[in-house]
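My plan is to look up a few things by eye and write down what turns up.

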Amino acid sequence: MDWIELLRTAVAAVLAFVAWPVLIYFLVINTSYLVMIGLATVDFVSHRRRIPFAGREELMRSRTMPGISVVTAMHNEEMGIRVAVESFLSLQHPRHEVIVVDDGSTDNGFEVLRKAFDLVPVTRRMSQDVAAREAPTSIHVPRDGRTRLTVVRKANSGRSDSINVGVNLAREDLVLFVDSDSILDPGALLAVSRPFIEDPVTMVAAGGVIRAVNGCRVKGGRVLEVRMPGSPLADIQVLEYLRAFHLGRAGWSRINALLLISGAFGVFRRDALTSVGGLDANSIGEDFELVMRLHRTLRKQRKPYRVTFLTEPICWTEVPSTVPVLRRQRTRWHRGLWETLWAYRGMLFNPRYGRLGLVAVPYYWIFELIAPLLELVGLVLIALGFALGLVSWQYFLLFMLVAYAYAIIVTLAAVTVEELSFHKYPRWRDLGITLVAAVLENLGYRQLTAWWRLEGWFAALTRREQKWGTMTRSGFTEVDS
């Protein structure tokens with residue numbers, strides 16, 4: 001019995017200091033999400049008012065529209081690369097090119113492209129605007145001379161380095177990064193170009209919405225019908241993406257403090273991109289690191305600039321459908337978050353960076369980086385204290401309401417706003433799945449992903465070698481008609 005008394009004493013001592021701070025932490029973080037939903041709602045209302053005046057036909061005919069270089073890296077994407085490239089080439093835009101960088105693939109992906117587009121080798125001078133570890137071994141274009149496609153072959157050196165090679169070959173004013181296994185809505189390029197037309201001087205980067213394609217009906221690189229995946233693991237991720245993109249990033253963009261543009265769909269002014277050296281091939285969180293570097297560089301140079309998020313251009317990607325793949329993804333994401341925040345720790349609470357340094361960066365430290373640690377420690381302590389009779393049932397109930405019931409309400413609020421604004425999921429069945437997923441997310445999934453995020457953080461702190469592993473994908477649900 002001595003060890004039980006010792007445990008009670010230790011837990012009681014810790015709870016005396018952390019019980020109320022933990023409760024307040026959960027209250028603040030969930031309230032901050034609600035505030036972001038409010039800010040995003042203002043954006044969504046404005047967006048819906050602009051839809052009738054979008055003028056896409058005029059944009060297609062415009063001679064002043066900035067061109068876009070769509071850059072994608074492929075590595076062993078034999079099964080889907082032809083459809084992906086065809087969909088990229090068919091996107092609505094008066095002037096865009098597609099650059100595919102084959103990052104040392106060992107399958108027949110290049111042969112698939114060579115046959116599909118009748119590729120022939122050419123000699124082309126490549127700029128050295130950004131550093132690249134591996135130079136192209138060959139460059140290929142379609143024989144017809146009209147199709148604006150360039151396929152580059154090079155030794156394997158990673159996605160970031162491959163994207164940098166594509167940037168050096170890009171000939172347009174804007175550069176769009178997109179994953180080769182993603183699907184873009186037909187008007188995505190037009191929509192993402194608009195901010196650069198409206199503000200050509202200060203706009204340097206823009207990000208768009210990433211949605212889960214799992215369960216959707218796809219044909220020829222186009223999403224024909226949007227559906228919930230029907231798998232609890234993927235359903236919950238749909239909600240996560242909704243909060244992160246439609247609401248979180250839309251809210252940060254609304255106050256001009258956006259720190260992250262997803263590497264799966266982000267467009268940058270080429271001159272701004274090359275001025276900071278492109279992607280950092282040594283970074284785990286290369287997309288986050290690039291935007292942070294843009295902010296720091298342009299702030300130091302005292303140049304006016306804008307980084308924005310758009311709710312209209314949509315990129316569809318497959319989210320992990322198995323636990324091992326999801327675990328690798330989340331550990332890698334959190335490791336990248338820590339390494340980037342640490343590299344740019346000089347921006348933390350630094351008034352030189354305005355609301356970025358005083359609001360956005362501290363938020364990422366407190367409510368993104370440290371969140372999984374405080375959540376798991378707080379949950380274990382409160383549950384243990386309740387089991388040992390150290391925590392009253394009133395406090396325990398209050399904790400569960402603030403930490404988890406409040407989180408469910410926030411998620412449902414996000415779903416409501418998204419449904420009223422965009423109505424992407426037309427079936428009532430999908431709405432029911434969404435409601436169930438909002439509850440299930442807090443019953444094990446949230447705690448498990450918090451643990452995986454801590455694993456990524458610990459791996460970074462102990463300087464363990466980063467192993468990417470194989471991100472197994474199930475493929476899109478193609479339909480015949």
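Predicted model: local features only at pLDDT ≥ 70, side-chain atom pairs only at ≥ 80, totals over all residues.

I started with arginine 446, which counts as buried because its relative accessibility is 15%; buried means under 20% relative accessible area, exposed over 50%, partly exposed in between (1.4 Å probe, protein chains only). Residues are numbered from 1 along each chain as its sequence is written, and side-chain values use heavy atoms, with hydrogens and water left out.

What does arginine 446 meet in a salt bridge? I found glutamate 375 there, at 2.8 Å from N to O. My rule for a salt bridge is a side-chain nitrogen of Lys or Arg within 4 Å of a carboxyl oxygen of Asp or Glu. Glutamate 375 sits in helix 12 (residues 371-387) and arginine 446 in helix 14 (residues 428-461), so this pair ties together parts 71 residues apart in sequence. Glutamate 375 is buried, at 8% relative accessibility.

I also noted one network: Arg95, Glu97, Arg148, Arg171 and Glu172 are joined by salt bridges that share partners. Within it I looked at glutamate 97 and arginine 148, whose closest N and O atoms are 3.8 Å apart. That pair links distant parts of the chain, 51 residues apart: glutamate 97 is in strand 2 (residues 96-103), and arginine 148 is in the loop between strand 4 (138-142) and strand 5 (149-154). Glutamate 97 is buried at 0% relative accessibility, while arginine 148 is partly exposed at 27%.

Glutamate 289 and arginine 293 both lie in helix 9 (residues 286-300), 4 residues apart, or about one turn of the helix. Their closest N and O atoms are 2.6 Å apart, in a salt bridge. Glutamate 289 is buried at 7%, and arginine 293 is buried at 12%.

How many cavities of 30 Å³ or more does the structure hold? I got 3. For a cavity I take a set of points, on a 1 Å grid over the protein atoms alone, where a 1.4 Å probe fits but cannot get out; lining residues have an atom within 4 Å of a point. The largest cavity has a volume of about 90 Å³, volume being the space filled by probe spheres set on the points. Its lining includes Val238, Glu418 and Tyr425. Helix 7 (232-254), helix 13 (393-421) and helix 14 each supply at least two residues of that lining.

Asparagine 256 has phi near 60 degrees, a positive value in a residue other than glycine. I located asparagine 256 in the loop between helix 7 and strand 11 (265-269), and it is partly exposed at 38%. Arginine 302 has a positive phi too, about 55 degrees, although it is not a glycine. Arginine 302 is in the loop between helix 9 and strand 12 (306-317), and is exposed at 73%.

How values were computed:
1 Å grid on protein atoms, 1.4 Å probe; cavity = no way out; pocket = protein on both sides within 12 Å on 5 of 7 lines; lining within 4 Å.
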